[in-house]
Amino acid sequence: MKKSLILNADDFGLTPGITAGILYAYQHGILTSTTVMVNTEFAKESLAEAKHFPNLGIGLHFVLDFGKPISANVNSLLDQNGDFLKGEELIQSAKRQDIKKELQAQLDLLYKWNGQVTHIDSHHHMHLHIPEAWEAVMEIGQKYKLPVRTFTEKKLPGSKVTASDYFHYDFYGEEHVSLKYMMKIISEMKLGVTEVMCHPAFLDPWLMKTSSYNLTRMKELGILVDNRLKQCLQKHAIELINYGGLAAK
């Protein structure tokens, strides 16, 4: 058994700057994987750009609380304007059949645009916060033999769905986005597969308008392409993989 790292960037396709930042971190840094929001206006062209980098793992960033749905008649997920509900209102309203229908629609669209899918996670971890979403994602993950992101403490006993052994969501925000903190994560990795979540980006007007988490994304990008991280990985004998590699193990 060895130490393997999946460095996954969320929000691919949300804005052109996010897409460009993720692809740059893959080309010049240690990023290995990303997950795409297929219900955004830039998703299709972002996936077209990604075809230049066939070894970049691309999964589904399942969206339940941003923008509009792909499928029709999923009323338990929507507000009066036809946009996704958010927060506690979504959690209380969402019905399993609507969640599964929308999940299937988003996954089908990703297969149509990209041909391959490495795994499933979700925007704001909604599949880990809504029990019905968790059930739907696990069912679809098993059906398509796709790994699913889960918290380290949320194990999958008896499940046929694959997950990483460990998951770090704390490389985020001003306090923890630093080269020192990323090197700490790497140096303390245990045997098995670890996923580290990240959000690198170049700034653009859409990002500044869409997300309050913006300037720090640029900081993340600078850290992920720092050559000292590659040296740290070599020092600790850690291999870089994506979820496609995990599924094959």
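This is a predicted model: local features need pLDDT of at least 70, side-chain atom pairs count only at pLDDT 80 or more; totals for chains, interfaces and linings use all residues.

Residues are numbered from 1 along each chain as its sequence is written, and side-chain values use heavy atoms, with hydrogens and water left out.

H2 covers residues 43-50 and H4 residues 96-114; I got an angle of about 45° and axes 10 Å apart. The helices are DSSP runs (H or I, at least four residues; strands are E, at least two), numbered from the N terminus. Axes are lines fitted to C-alpha atoms over the stretch in contact, with angles from 0 to 180 degrees between N-to-C directions. That angle makes H2 oblique to H4 (under 35 degrees is roughly parallel, over 145 roughly antiparallel, 65 to 115 roughly perpendicular, the rest oblique).

Who touches whom there? On the H2 side I listed Ala43, Lys44 and Leu47, and on the H4 side Leu110, Trp113 and Asn114 (contact means heavy atoms within 4.5 Å). By class, the contact of H2 with H4 has four nonpolar residues, one polar and one charged. For the classes, Ala, Val, Leu, Ile, Met, Phe, Trp, Tyr, Cys and Pro are nonpolar, Asp, Glu, Lys and Arg are charged, and the others, Gly among them, are polar.

Next pair: H8 (residues 179-187) and H11 (residues 227-235). Their axes come within 10 Å and cross at roughly 15°, so H8 and H11 are roughly parallel to each other. The crossing of H8 and H11 is right-handed. H8 puts in Leu179, Met182, Met183 and Ile186, while H11 brings Arg228, Leu229, Cys232 and Leu233. I sorted the residues of this H8 and H11 contact into seven nonpolar, no polar and one charged.

The structure holds zero of them. Cys232 counts as buried at 7% relative accessibility, and Cys198 counts as buried at 0%. My cut-offs: buried is under 20% relative accessible area, exposed over 50%, partly exposed in between, with a 1.4 Å probe and protein chains only.

Then the backbone. Asp11 has phi near 75°; Asp11 is in strand E1 (residues 3-12) and counts as buried at 3% relative accessibility. Asn73 has phi near 60°, also a positive value in a residue other than glycine. Buried or exposed, in the case of Asn73? At 61% relative accessibility, Asn73 counts as exposed, and its place is in the loop between strand E3 (57-62) and helix H3 (87-93).

His125 counts as buried, at 13% relative accessibility. Leaving aside neighbours within four places in sequence, I found His125 in contact with Arg149, Phe151, Phe167, Tyr169 and Met197.

Key. A crossing is left-handed if the near helix is turned anticlockwise from the far one by less than a right angle, and right-handed if clockwise. A disulfide is a pair of cysteine sulfur atoms within 2.5 Å.
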